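Here are a few notes from my pass through this one. Have the sequence and the model open while you read.

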Amino acid sequence: MAKITPKDNFLKIVRGGHPEYVPYFTMMGEGYLGEVADVILNPGVFGETHMMDGGHDMWGVPYKATEGTANATMPDTRVTILPDIEDWRKVVRYPQVPKPEEIDWEKQYQKDLRDFHVDRTQSAVKTTPSFSPFQQLINMMGFTEGLMALYTDPEEVSSMLHYMVDFLEPYFNKYIDVYKPDLWYLVDDSCAKEAPFFSPETYRQIFKPIYERLAKPANDREIPIIFHICGRFEPFLDDMMDFGVTIVEPTQETNDILAMKEKYKGRLGIIGGWDWGNRIPPNYPEYDEEALRQGVRDTIDKYAPGGGYGFFSWPISYDNDPVLPEIKRIIRDEAHWYGRKVYGYKD
């Protein structure tokens, strides 16, 4: 039997299917031993610079890199571009970019393939609608004012978010047909470690209609939907399934993952179950390699039976931590080889 590609093996977990070995989810495309199961491929047309220190997203939110974020750029909390939700019509302006019908999408697609170094025969492509409604609200208003706006002015929040999707919708309805992604990638971190930031009622009233619009192009084309959502998102999961989610990640350990696997068996693939925050060695930067490897094995043993599972880890630390690269290598090495052993796969 021919060796299965990382892409094909990864896509087997859509809707809880059984892979030939436990796939390693890569999110941004950082693989191991030349094996990259999945990559993000987004059209570079919106003029965003927030991946750079001092840049902005398409809606004008400034971003800043700090040592505390391991030099990753995050919204600059010193700046609030929307202090009052009632003023959103004065503040929110559509990005000044070419109209969707003016863009040569095939040319853009070929450029993005080169820029992202994508081999579509080996890696599944995740393409996004480029909008995270809750995060965008918080990025513009800050956590306190954003959460207060959800409580005091939900209609205004909803109107603003739909206005922003009105702008983006013609774009992603164009490029989804050219990029033909293997997965449609929705991203929105609306939960803390132990609970969501707001109630299921608020989710259904404000955010679910937005997600339904973002999901529609994939559902219309029968493209599986993968959703990135950190924290304890279980209270939202039935609603997520309603608008077509077929894989969730990173599925942190505060969720009852075994119960989720049982409840949604045959309908949902689950990625995660291994949280660095729960496993930082007590004397870090000292660490025990065997303990790290055993933690990976224990996680795979717990969640891999029956399929529908992929492993993922994202250890982070301060910028230029000399230990972290080796810790990442150890974790990925164990996940790579033990993930094959658990199902008896032979390369």
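1. Helix 4 (residues 133-141) is mostly covered, with 8 of its 9 residues buried. Keep in mind throughout that we are looking at a predicted model. The buried set in helix 4 runs Pro133, Phe134, Gln136, Leu137, Ile138, Asn139, Met140 and Met141.

2. What do the buried residues of helix 4 pack against? Two strands are on the list, strand 2 (63-65) and strand 3 (73-75). The other partners are helix 5 (143-152), helix 6 (154-179) and helix 7 (200-221).

3. Have a look at the backbone just after helix 4: Gly142 sits there with a positive phi of about 85°.

4. Now for the surface. Met28, Trp314 and Ile316 make up a nonpolar patch, and together they have about 320 Å² of accessible area. Met28 belongs to the loop between helix 1 (6-11) and strand 1 (38-40). Is Met28 buried, exposed or partly exposed? With a relative accessible area of 48%, Met28 counts as partly exposed, because the exposed class needs over 50%.

5. Lys341 is in helix 12 (residues 324-341). Its relative accessible area is 63%, so Lys341 is exposed; the cut-off for that is over 50%.

Key:
Residues are numbered from 1 along each chain as its sequence is written. This is a predicted model: local features need pLDDT of at least 70, side-chain atom pairs count only at pLDDT 80 or more; totals for chains, interfaces and linings use all residues. Side-chain values use heavy atoms; hydrogens and water are left out. Patches are made of residues with over 30% relative accessible area and no salt bridge: like charges are joined within 9 Å, nonpolar side chains (Val, Leu, Ile, Met, Phe, Trp, Tyr) within 5 Å. Accessible areas come from the Shrake-Rupley method with a 1.4 Å probe; for residues, only the protein chains shown count as cover. A salt bridge is a side-chain nitrogen of Lys or Arg within 4 Å of a carboxyl oxygen of Asp or Glu. Helices (H or I, at least four residues) and strands (E, at least two) are DSSP runs, numbered from the N terminus. Buried means under 20% relative accessible area, exposed over 50%, partly exposed in between (1.4 Å probe, protein chains only). Contact means heavy atoms within 4.5 Å.
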